Number of protein chains: 2
Amino acid sequence: MTGKRSGSAVAKAQAIAAEVRRRIVERQWRHGDRIPDEADLAIEFDAARATVNKALQMLADEGFLDRRRRAGTRVAIHHKAVFAIPVVREQVEQAGMAYSHRVVAYRQSPIPAEIAARLALPEGEVLVHMRAVHYGDGRPFQIEDRWLNPQAVPGLEKVDLGRFNANEWLVLNTPYLHADLAFSAENADRRDARLLGARHGEALLVLHRTTWNDLGPITTVRVAFHPGHFVSTEGRSG
Amino acid sequence: MTGKRSGSAVAKAQAIAAEVRRRIVERQWRHGDRIPDEADLAIEFDAARATVNKALQMLADEGFLDRRRRAGTRVAIHHKAVFAIPVVREQVEQAGMAYSHRVVAYRQSPIPAEIAARLALPEGEVLVHMRAVHYGDGRPFQIEDRWLNPQAVPGLEKVDLGRFNANEWLVLNTPYLHADLAFSAENADRRDARLLGARHGEALLVLHRTTWNDLGPITTVRVAFHPGHFVSTEGRSG
DNA sequence: CACAAAAATATGTCTAGACATATGAAGTGT
DNA sequence: ACACTTCATATGTCTAGACATATTTTTGTG
């Protein structure tokens with residue numbers, strides 16, 4: 001028969017998308033993995049293939065999946081958010097510069113009130129606090145001041161963030177469900193100026209970003225860009 | 001019969017969306033107008049209703065259309081871009097402040113090289129150049145420095161932009177097909193400082209925005225925010 | 001082995017039909 | 001006037017089937 005619809009509270013395609021998203025976020029299906037094809041998922045979820053197709057297309061739009069004809073559907077490696085979290089290395093290398101980075105500070109530390117409020121964690125909770133500088137052709141490109149929640153990042157303890165790049169490692173290994181972004185401008189303080197090679201008081205574009213997954217807040221970071229840097233995007237039509 | 005597909009170069013839903021978009025941008029269907037229902041459009045375009053539905057949902061996602069059950073589909077009044085062009089008045093009033101604005105300068109003027117390059121127009125072309133200050137509770141909130149292309153904005157000559165708000169008028173009356181956004185930080189120069197009530201040299205968040213429609217560039221604007229202002233968004237999951 | 005042709009396969013898209021649901025409009029009673 | 005009910009209607013969503021298309025895999029050939 002055609003056109004049977006249960007009066008379920010949530011649309012079926014939405015429910016399928018939610019379940020697939022859950023499997024990705026909970027690592028049941030990992031980065032780069034091929035997931036079952038639409039026909040199999042249609043059987044599993046007792047739905048028409050068109051419904052599964054719709055669900056998977058939604059997830060592809062959100063950046064969770066990469067889909068190609070004949071090649072199948074894979075869990076995305078890069079996360080295409082609207083304001084995508086840029087992997088700094090790629091940004092630098094795309095500009096034709098040689099990338100390098102240096103971790104300036106790395107320690108466990110109780111969080112101050114401001115960070116606690118932003119992460120909705122109790123003040124004094126101990127998180128990983130790190131600062132790093134990213135360079136293009138040896139010149140400072142951006143500095144990051146980051147708080148990391150190990151509880152939300154399984155596998156973090158195995159990574160030497162002093163050597164690897166926190167930004168990069170997180171983007172590649174930690175899907176997030178929600179992100180807050182805020183741009184502002186700040187006059188460079190002495191530390192900013194020193195690390196970025198800017199003048200004291202110079203205007204810096206600052207980006208605050210906080211991400212969450214189902215386990216709680218993942219990380220919050222303050223990124224300050226080299227003076228004169230632009231962050232641009234293309235607006236959707238409307 | 002089921003499942004007939006012509007091997008057209010462009011997907012049918014895409015083509016329908018493009019045609020509806022064209023009718024909106026060219027004012028055949030105007031803001032707030034009710035457009036024909038899915039069944040009628042399906043007949044007109046010789047497509048299944050599901051295909052028309054897909055096309056219209058795409059346009060609703062892009063912010064061109066507002067759709068409601070039983071009430072039908074209307075051309076959207078507000079333009080929900082990803083980084084929506086905020087109507088400053090709404091921003092201010094939502095913060096519980098009284099809105100006002102003042103046009104500081106308004107004249108026809110040949111465009112300098114930088115603006116010409118940004119708009120892809122010949123240098124020296126004469127456009128409308130205006131500067132305005134937006135206030136919340138009487139205190140400067142943002143300043144805008146805008147170039148307007150009358151050729152791309154039919155009806156502009158009838159509007160007294162000295163009284164009405166260019167930002168608001170454009171958002172409400174001029175659909176755009178494409179927008180570029182770029183954030184940067186600048187130290188306030190003397191004029192910025194005076195108009196915004198900031199200190200000379202203070203870091204300002206600056207947003208450059210340029211929009212186009214099928215007639216060409218509509219407007220490019222530099223918006224400088226009051227010191228300490230944040231522009232935030234919610235990232236999509238991914 | 002190199003390379004081209006053919007087969008296989010997963011996603012992309014469309015169609016026709018059906019039922020679900022929200023809500024505007026009209027009618028009804030108080 | 002006002003609240004309440006009923007009805008009509010446009011969109012929302014799903015199903016099953018079919019063909020289209022991009023790629024990968026396999027097979028055939030020099």
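Good morning. I begin with Lys158 of chain B, which is exposed, its relative accessible area being 69%. Please keep in mind that this is a predicted model. The partner of Lys158(B) is Glu157(B): the two form a salt bridge whose closest N and O atoms are 3.9 Å apart. Glu157(B) is likewise an exposed residue, with a relative accessible area of 64%.

How many salt bridges does the structure hold over all chains? The count is 31. One of them links the side chains of Arg22(B) and Glu26(B), at 2.8 Å from N to O. Here Arg22(B) is partly exposed, at a relative accessible area of 33%, and Glu26(B) is also classed as partly exposed, at 41% relative accessibility.

The next case is Arg222(B), which forms a salt bridge with Glu186(B), with 2.8 Å between the closest N and O atoms. Arg222(B) belongs to strand β8 of chain B and Glu186(B) to strand β6 of that chain, so this pair ties together parts that lie 36 residues apart in sequence. Glu186(B), at 26% relative accessibility, is partly exposed.

Arg222(B) also leads us to another residue. Setting aside residues up to four places away in sequence, Asp192(B) touches Arg222(B), as well as Ile143(B), Gly197(B) and Leu204(B). Asp192(B) sits in helix α7 of chain B, which covers residues 190–196. With 5% relative accessibility, Asp192(B) counts as buried.

Helix α6 of chain B spans residues 166–173, and six of its eight residues are buried, so the helix is largely enclosed by the rest of the structure. Which residues of α6(B) are the buried ones? They are Ala166(B), Asn167(B), Glu168(B), Trp169(B), Leu170(B) and Val171(B). What do they pack against? In chain B, the buried residues of α6(B) pack against helix α4 (88–94) and against the strands β4 (126–136), β5 (139–148), β7 (203–213) and β8 (216–225).

Next, the aromatic residues. Searching the whole structure gives one aromatic pair over all chains. The pair consists of Phe183(A) and Phe183(B), which are stacked, with 4.3 Å from centre to centre and 10° between the planes. Why does this pair join two chains? Phe183(A) lies in strand β6 of chain A, residues 178–187, while Phe183(B) lies in strand β6 of chain B, residues 178–187, so the contact runs from one chain to the other. Phe183(A) is buried, at 0% relative accessibility, and Phe183(B) is buried too, at 0%.

Chain A contains seven helices and nine strands. Of its 238 residues, 50% are buried. The accessible surface of chain A amounts to about 12,200 Å², and carbon and sulfur atoms account for 50% of that surface. Finally, consider the contacts in chain A between residues at least 6 apart in sequence: 58% of these join residues at least 24 apart. Thank you for your attention.

Notes: Residues numbered from 1 in each chain as written. Chains lettered and ligands numbered in written order. Predicted model: local features only at pLDDT ≥ 70, side-chain atom pairs only at ≥ 80, totals over all residues. Heavy atoms only, no water. Helix = DSSP H or I, 4+ residues; strand = E, 2+ residues; numbered from the N terminus. Buried < 20%, exposed > 50% of the residue type's maximum accessible area, 1.4 Å probe, protein only. Contact = heavy atoms within 4.5 Å. Areas by Shrake-Rupley, 256 points an atom, 1.4 Å probe, with all protein chains shown as cover. Phe/Tyr/Trp six-rings, centres within 6.5 Å; stacked < 30°, edge-to-face > 60°. Salt bridge = Lys/Arg side-chain N within 4 Å of Asp/Glu carboxyl O.
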